[in-house]
Amino acid sequence: MLHIKETIVVEGKFDKEQLKKVTDAPVICTGGFTLYTDKSIITAIRKMAQKTGVIVLTDSDSAGFRIRSYIKQCVGDHGTVKHAYIPSVKGKEKRKTVGGKEGLIGVEGMTEELLSEILKTVTEVADAECIGELKITKAMLYEDGLSGGAESAAKRKKLAQKLGLPVRISANALLEVLNSAIGYDEYKEAIKKL
């Protein structure tokens, strides 16, 4: 069982149930897009972002990315928001008869082992940053062909697959996750293998 100080934000109750198998951290459910209409949810997230920090763990579909972006925008500079990403995996959850609109398995469909590894990475690399690990910059992404070029999106997709990240990740989101969860050395090693 992982003991994480941050509060974890997920989309639904089944995501929360799966997460509670691996951590005793507090979990807030957004109720999907209910987040946009129920102001008490975003108020709770803001409060926890200031008090403990939050880890946003949404599905790798477009809805998950919109929710992630909205939370980051609402919290702004008034708290700590970290992002944990699940890989883009085709399929459907066991409890569903039909898969989601984009055909990707969500947080509830991830194994306990994978969720544990994802959460460990996000919380452990934050400690590594404190001891002076090199930061990845936007200029490095450009130099490595991951932003600003005709083939950048395709190259980002390949890197995302190699690192177990969502394939729809933007250059800015990639930069954030590389610095908060992957680290410079692993990034450079993955770039060599592309």
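Me: Which way do Thr 7, Ile 8, Val 9 and Val 10 point from β1, and are they buried or exposed?

Reply: Thr 7 and Val 9 point one way from β1, while Ile 8 and Val 10 point the other way, and all are buried. Buried means under 20% relative accessible area, exposed over 50%, and partly exposed in between (1.4 Å probe, protein chains only). In a regular strand the side chains alternate between the two faces of the sheet. The model is a predicted one, in which local features need pLDDT of at least 70 and side-chain atom pairs count only at pLDDT 80 or more, whereas totals for chains, interfaces and linings use all residues. Residues are numbered from 1 along each chain as its sequence is written, and side-chain values use heavy atoms, leaving out hydrogens and water.

Me: Why are β2 and β4 said to stand at the edges?

Reply: The open sheet holds four strands in the order β2-β1-β3-β4, with parallel pairing. β2 (27-29) and β4 (81-83) each have a single partner strand, so one side of each lacks a neighbour in the sheet. On average, neighbouring strands are turned by 30° against each other, direction ignored.

Me: What makes α3 a helix that packs on the sheet?

Reply: Contact means heavy atoms within 4.5 Å. Helix α3 (residues 39-51) touches β1, β2 and β3 (54-56), and its direction makes about 155° with that of β2. Such angles run from 0 to 180 degrees between N-to-C directions, with axes fitted to C-alpha atoms, for helices over the stretch in contact.

Me: Why is the pair of Tyr 36 and Tyr 70 called tilted?

Reply: Rings of Phe, Tyr and Trp (its six-membered ring) pair if their centres lie within 6.5 Å; planes under 30 degrees apart count as stacked, over 60 as edge-to-face and the rest as tilted. The centres of Tyr 36 and Tyr 70 are 4.5 Å apart and their planes stand at 55°, so the pair is tilted. Tyr 36 lies in helix α2 (residues 34-37) and Tyr 70 in helix α4 (residues 62-75), 34 residues apart. Ring pairs link both tyrosines and Phe 33 into a cluster.

Me: How do you know whether Tyr 36 and Tyr 70 are buried or exposed?

Reply: With a relative accessible area of 28%, Tyr 36 is partly exposed. Tyr 70 has 16% and therefore counts as buried.

Me: Why is the charged end of Arg 95 said to sit over the ring of Phe 14?

Reply: A charge sits over a ring if NZ of Lys or CZ of Arg is within 6 Å of the ring centre and within 35 degrees of the ring normal. Arg 95 sits over the ring of Phe 14, 3.7 Å from its centre. Arg 68 likewise lies over the face of Phe 65, at 5.8 Å from the ring centre.

Terms used. Two strands pair if DSSP finds at least two bridges between them. Helices (H or I, at least four residues) and strands (E, at least two) are DSSP runs, numbered from the N terminus.
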